Amino acid sequence: MDFYHKNKDWIEIHVQDFLIKATAIPELIFANRNNCKSTNYGVPSKRMKIGIITLPLHTNYGGILQNYALQYILQEMGHTATTINYNHIVKLPVLTRYPIYLKNILQRYLLKRNVVVFPDIEANKPWLNRTRYTADFVNKYIKHTDIKSIDELKPKDFSCVIVGSDQIWRRLYNQSFPGTTNSFLEFAKDWNIKRIAYAASFGTDDWEYTEEETRRCAELIQKFDAISVREKSAVRLCKEKFNVDAVHLLDPTMLLTADNYKNIFEAAKTPASPGNLMCYILDANNDTDNIINHIATSKGLYPFHTNSRTEDETAPMEERVQPPVENWLRGFYDASFIVTDSFHACVFSILFNKPFVVYGNKERGMARFTSLLEMFGLEERLISDEKELKCVIDKEIDWGEVNCKLNALREHSFEFLKKALG
């Protein structure tokens, strides 16, 4: 029993991996997992087996939920959708695993050497700890296959591959997985499949690709059947750098409604948030602290934070555990006002019709914010310091107008998917 309790996370991840691979789960379960009211998307002319290429699913709430939303919509349309996800778990080769364990046991207990008996278990502990709650959400709501290398995928696996959404085309983020050129489906360049980009994002106006990468990606994108991007500036970049026409569409999370997401945290019986001023800050500094304090004081609100120090490698391990996705979603529902420097927190503020300000996070890319806010006439909600608060803090948002624009953009995005998928 001591062995089990000490290595509980490692054992459970291996058991879970076995069950996922060994159990055929009906697609209907995934399509209706959150008990959302079904939308009539029509019966597709051809049901396809779709693979989704996006950035790895880990502790990023927006990254997880955009994938959840896209997969949900595709399955509601009648297709089978599976996300191709990077497997962070370290596993020693089967043939050498137990000899290594035995060798380490002998060295530690007979020779009294300071040797780690189970090196793979120790290597996985930080990751499993940080993602314990977000991994639960991914395993519960997102159908996915975990791979170590993109080369593990075969032509027979899919009849269509969709790239997106999130910053899948940002070189800064895609080099390790799936790889810059593989985010344009280089691995599948000879496959007889349909290729679609849905709301793919470069994340920035600056061009980060090398000349060789630009040339190769330009060749690969010519093979795509349909191309859409998440930012207005990306339409221009696709034309200038790749000589292709792209359509500007909504982030996948906006294809669903606030009620869809409300059903998720209600199903989990998520407790109420411990305040009414939601603070979701990725890169805290004096400016963000001052903005939060200013709003809390002037509006008489109580701040609460919905993220941990998960990216801070100097933080104690218990402070790096990312809270559940359901808690994050519940935060928008409970908040009277929201302060953030996150793209997807802006998205969910809009979906839940909550007043917000977003602090410009230049390091993570400003094009995402300006493009999103321009779509809804909310540009003034983007601020760069505390002084700009006075222009927006008490200004009412016309949610009727915003929702009207959202409905039109949502319909436009649905039409793109229907046409692209045939």
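User: Is K125 buried, partly exposed or exposed?
Analyst: This is a predicted model, and the class follows from the computed accessible area. Buried means under 20% and exposed means over 50%. K125 has a relative accessibility of 37%, so K125 counts as partly exposed.

User: How far apart are the closest N and O atoms of E122 and K125?
Analyst: Both residues lie in helix α6 (residues 119-130), three residues apart, which means about one helical turn separates them. Residues three or four places apart in an α-helix point the same way, because there are 3.6 residues a turn. E122 forms a salt bridge with K125, and their closest N and O atoms are 3.0 Å apart.

User: How many residues apart in sequence are the parts that K299 and D394 tie together?
Analyst: K299 forms a salt bridge with D394, with the closest N and O atoms 3.3 Å apart. K299 is in helix α12 (residues 286-299), whereas D394 is in the loop between β12 (382-383) and α16 (399-421), so the parts tied together are 95 residues apart in sequence.

User: Which residue forms a salt bridge with E213?
Analyst: E213 counts as buried, at 13% relative accessibility. The closest N and O atoms of the salt bridge are 2.6 Å apart, and the partner of E213 is R171.

User: What is the area of the nonpolar surface patch that includes L106?
Analyst: L106 lies in helix α5 (residues 94-109) and is partly exposed at 40% relative accessibility. Together with L102, L110 and L111, L106 makes a nonpolar surface patch of about 410 Å².

Technical notes. Residues numbered from 1 in each chain as written. Predicted model: local features only at pLDDT ≥ 70, side-chain atom pairs only at ≥ 80, totals over all residues. Heavy atoms only, no water. Patch = residues over 30% accessible without salt bridge, like charges linked within 9 Å, V, L, I, M, F, W, Y side chains within 5 Å. Areas by Shrake-Rupley, 256 points an atom, 1.4 Å probe, with all protein chains shown as cover. Salt bridge = Lys/Arg side-chain N within 4 Å of Asp/Glu carboxyl O. Helix = DSSP H or I, 4+ residues; strand = E, 2+ residues; numbered from the N terminus. Buried < 20%, exposed > 50% of the residue type's maximum accessible area, 1.4 Å probe, protein only.
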